Amino acid sequence: MATSTSTESSLLAMPKGVSLWRDAWLRLRKNKLAMFGLGFLLLVMVVCLLTPWIAPYGYEEQDLRLGAVSPSAAHWLGTDTFGRDLLTRILYGGRVSLLVGFVATAVALVIGVAYGAIAGYVGGKLDAVMMRFVDILYALPIMIFIILLMVVFGRNLLLLFLAIGAIEWLTMARIVRSQVQNLRDQEFVEAAMSLGLSPSAIVVKHLIPNALGPIIVYTTLTIPSVMLLEAFLSFLGLGIQPPESSWGLLISYGVETMEEYPWLLIFPGLALSLTLFSLNFLGDGLRDALDPKASRD
Amino acid sequence: MPLLQVTDLSVYFHTRNGVLKAVDGISFEVEAGKTFAIIGESGSGKSVACYSMLGLVPMPPGKIEAGRVLFEGKDLLTLSEAKLRKIRGKGISIIFQDPMTSLNPFLTVGDQLIEPLRLHFPISKKEAWNKGIEILEEVGIKNAAQRMCSWPFEFSGGMRQRVVIAMALVTEPKIIIADEPTTALDVTVQAQILKLLKELQEKRNIGVIFISHDLSVVADIADQMAVMQNGRFVEQGTRDEIFTNPQHDYTRKLLAAVPNFEKPEQENKSEQNLVEVESLHIQFPSNRGEAPIKAVDDVSLDIKPNEILGLVGESGSGKSTLGRAIIRLLNPTSGKIRFDGQDITRLSMAEMKPLRRQMQIIFQDPYASLNPRMAVYDTLAEPLLLHKIVTKKDLDGAVCSLMDSVGLSRESVLRYPHEFSGGQRQRIAIGRAIATKPGFIIADEPVSSLDVTIQAQILDLLLELVERFNLTMLFISHDLGVVRYLADRILVMKEGKLVEHGTVHQVFNSPREVYTQELLNAIPGRTLTD
């Protein structure tokens, strides 16, 4: 049994009290599936980061005499129709796909959460104006928007990320707004007001942490949809252009040659799906870990 | 021959954390035209006991371990789901606690009313509809024929509970299980519903199982009763036996927990008022260009230092709105609020911040008033850091001493709200409110969602803190008994207006207004003191 003195000393060891995030990390560590997901994602990221140094070939190195060959000792995952090493292309493609996925999603997350939280918390006329603006953006066809951007500013990877992020935040803003609206009327928010907390502190400390569940779930859904959107745009010639590659592009070429050269579809597909699996495991784990109610063994 | 005979019923829940004996070997009988009341606090197993008879307890994790429930010569526990469905709603029906959620908001009252009829009897829609009208009239709903086409939201809480009762009665069951049927209602409405239930029961010779946490409600209506704790009947007998000669300690504790005691009158000689409210109006805009709703209508009051002012009224009377306006959680339409001599009516939220330290509020529902994602430590530390009452260095000590003040163990300081019981949560909320050492606290129904024995503990804690920290308190409640227990003066509010004020003694013994009289008459359990 802990005596009161030992409790105080253990408290003193934790100068900032318990933060939700710290506690969440302790709980996440116990979730094997989530930790596997996190580990795999980190591994993929490190490998992609180091690709220029560890890739066996250059991404545009062709060997036309070779053509498409199935996996061998020289080309572990085979080659494509131009005789380019598939492993190399998957590694380089991962750089683009992960970058698009994470950067665009981060943009969507930051804008969406901030925008939705403000609209939901302030309410009234401001909310009406802000949400009508979202409705208008929703109504704009994405393709036209992106094509216009590309035409005006030229094809630019960074711009692509921003453009995708600028579309994906709309749904996030709606989700966060409705969550915040429901939470706003709860008594603990009134209690925070009566303590004298400023509105921004109430939003950051009390509202957003309680809306994290849906935010995380939607984020883990956004990352794959962003990666696929990039593939689609690249396919239309608006995104990445060969000889550069991304997972989405590799898969769409793989589909065309599926019958003769199945490995061109299988391996990029595997890379994408393993990454998405890991993301989902991690997302689920995070959602549970951030909810103190979810179980505390 | 009793209508229902329960012998040795045991229902266990098999959870990951072990076996929970929700109901542990209870036996009782229900006779026609009589009421059997089961009294217990939340979690005592009283609802599980009744629902398990009808197969309404989820299994697993629940499991009926033993027992027999004889109804019309059949053992309900051995019947198949299909056969049980024929008994549910026809032989035995249930009245649920909260009429706001027990009616389907997307069906008219009439459609819901005839549903059980059409289910259990071969009857045409027209016949069923006519029967529905009859039964609505019987439960005291005027213009029944037109009201059949109304939606649930068009009824008040009390009226909805009448509809729920009508639904339970329409199939002419032999037994009704009434699960806290009046807990969600105002006192005057509660008195009406209890009277209605009693009348219908006598007229139709129905056996009633009445589940409640409130001894005083049961005192008026029970014939036989049982006191339940941790799945067992600790005491069982006629109403008079239990109320006049309780055998078990727990029963005595429950009886003692009903505050039936008037605070001795003390003269408050203070000349100054801590809080002054002058002809305050608060209006809320209403829909479709109708006149705005007057939530608070020309209210003036003052609160002297170190007094506890009780503010009594039924739901919708504007008492909570008034309380929130006084500490400027919402903006008054007109009027003046002075705190400690300073006019705070039009201060901005930023200007209010330094004053917040001196005025705090305790809310009704300790499940909603604590941030579920903040550990107790952070909840208590927040006001301390915000108002720079302690430095980070001394924070641990300050939080621990707050825990001591409200009677919680220091070990639990790193836990989250859901790990605490309702009473403990309310202690946390009280701890947060007194953290800044405020002079003035508004307690908005702080005990009405708690069990009776817990209520008494929390009230005593509040009284102790008032004494210790020289607090001034505005105590808002619908429960006159509770207010009588701790207030010095009482204000009665009705439809946004103050209708009566005076010392506790004056209001209870010589109320001037008819409405106050009504409220006093509606207090359940007067048969106890008579």
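Reader: Which residue stands opposite B:F440 in β18(B)?
Author: B:T472. This is a predicted model, by the way.

Reader: How many bridges join β17 and β18 of chain B, and which way do the strands run?
Author: Five bridges join them, and they run parallel. Strand β17(B) covers residues 440-444, and strand β18(B) covers residues 472-477.

Reader: What sheet do they belong to, and in what order do its strands lie?
Author: An open sheet of six strands in chain B. The order is β16-β17-β18-β13-β19-β20, and the pairing is mixed.

Reader: Which strands stand at the edges?
Author: β16 and β20 (497-503) of chain B. Each has a single partner strand, so one side of each is left without a neighbour in the sheet.

Reader: And what is the average twist?
Author: From one strand to the next, the twist averages 15°.

Reader: Switching to the other sheet. What is the strand order in the open sheet of four strands?
Author: In chain B that order is β2-β1-β4-β5, with antiparallel pairing. The edge strands are β2 (18-30) and β5 (74-75), each pairing on one side only.

Reader: Which helix packs on that sheet?
Author: Helix α1 of chain B, residues 46-53. It touches β1, β2 and β4 (62-71) of chain B. The direction of α1(B) makes about 70° with that of β2(B).

Reader: How many bridges pair β1 with β2 in chain B?
Author: Ten, in the antiparallel sense. Strand β1(B) spans residues 4-15.

Reader: Now the hairpin. How many residues lie between β9(B) and β10(B)?
Author: Two. In the turn, B:N230 has a positive phi of about 50°. The strands, β9 (224-229) and β10 (232-238) of chain B, pair in the antiparallel sense over six bridges.

Reader: What is the bridge partner of B:Q229 in β10(B)?
Author: B:R232.

Reader: Zoom out. How many helices and strands does chain B have?
Author: The count is 20 helices and 20 strands.

Reader: How does the radius of gyration of chain B sit against a compact globule?
Author: It agrees. With 530 residues, a compact globule would have a radius of gyration near 24 Å, and chain B has 25 Å. The C-alpha trace spans about 70 × 55 × 45 Å along its principal axes.

Reader: What percentage of chain B counts as buried?
Author: 46% of its 530 residues.

Reader: And for contacts between residues at least 6 apart in sequence, what share joins residues at least 24 apart?
Author: In chain B, 70%.

Reader: What does the domain assignment give for chain B?
Author: Domain 1 is 1-91 + 178-183 + 207-258, and domain 2 is 275-529. Their C-alpha centres lie 36 Å apart.

Reader: How many residues does each domain put into the contact?
Author: Domain 1 of chain B gives 14 residues and domain 2 gives nine. On the domain 1 side, α8 (215-221) and α10 (249-257) of chain B each give two or more residues. α8(B) gives the most, with five residues.

Reader: How does that domain 1 side divide into nonpolar, polar and charged?
Author: Seven nonpolar, three polar and four charged.

Reader: On to the chain contact. How many residues come from chain B and from chain A?
Author: 32 from chain B and 25 from chain A. On the chain B side, α12, β16, α13 and α14 (392-405) each give two or more residues.

Reader: Last one, in chain A. Why is helix α8(A) described as largely enclosed?
Author: Nine of its nine residues, 187-195, are buried, so the rest of the structure largely encloses it. Among them are A:F188, A:M193 and A:L195.

Reader: What covers those residues?
Author: The cover includes α7 (157-184) and α9 (199-235) of chain A. From chain B, it includes α12 (349-356), β16 (359-362), α13 (376-386) and α15 (422-434).

Reader: And what follows α8(A)?
Author: A:G196, with a positive phi near 100°.

Notes: Residues numbered from 1 in each chain as written. Chains lettered and ligands numbered in written order. Predicted model: local features only at pLDDT ≥ 70, side-chain atom pairs only at ≥ 80, totals over all residues. Pairing = 2+ DSSP bridges. Contact = placed C-beta atoms within 7 Å. Axes fitted to C-alpha atoms, helices over the stretch in contact; angles between N-to-C directions. Buried ≥ 20, exposed ≤ 12 C-beta atoms within 10 Å, placed from the backbone. Rg over C-alpha atoms; globule rule 2.2 N^0.38 Å. Domains from an automatic or database assignment. Nonpolar A, V, L, I, M, F, W, Y, C, P; charged D, E, K, R; others polar.
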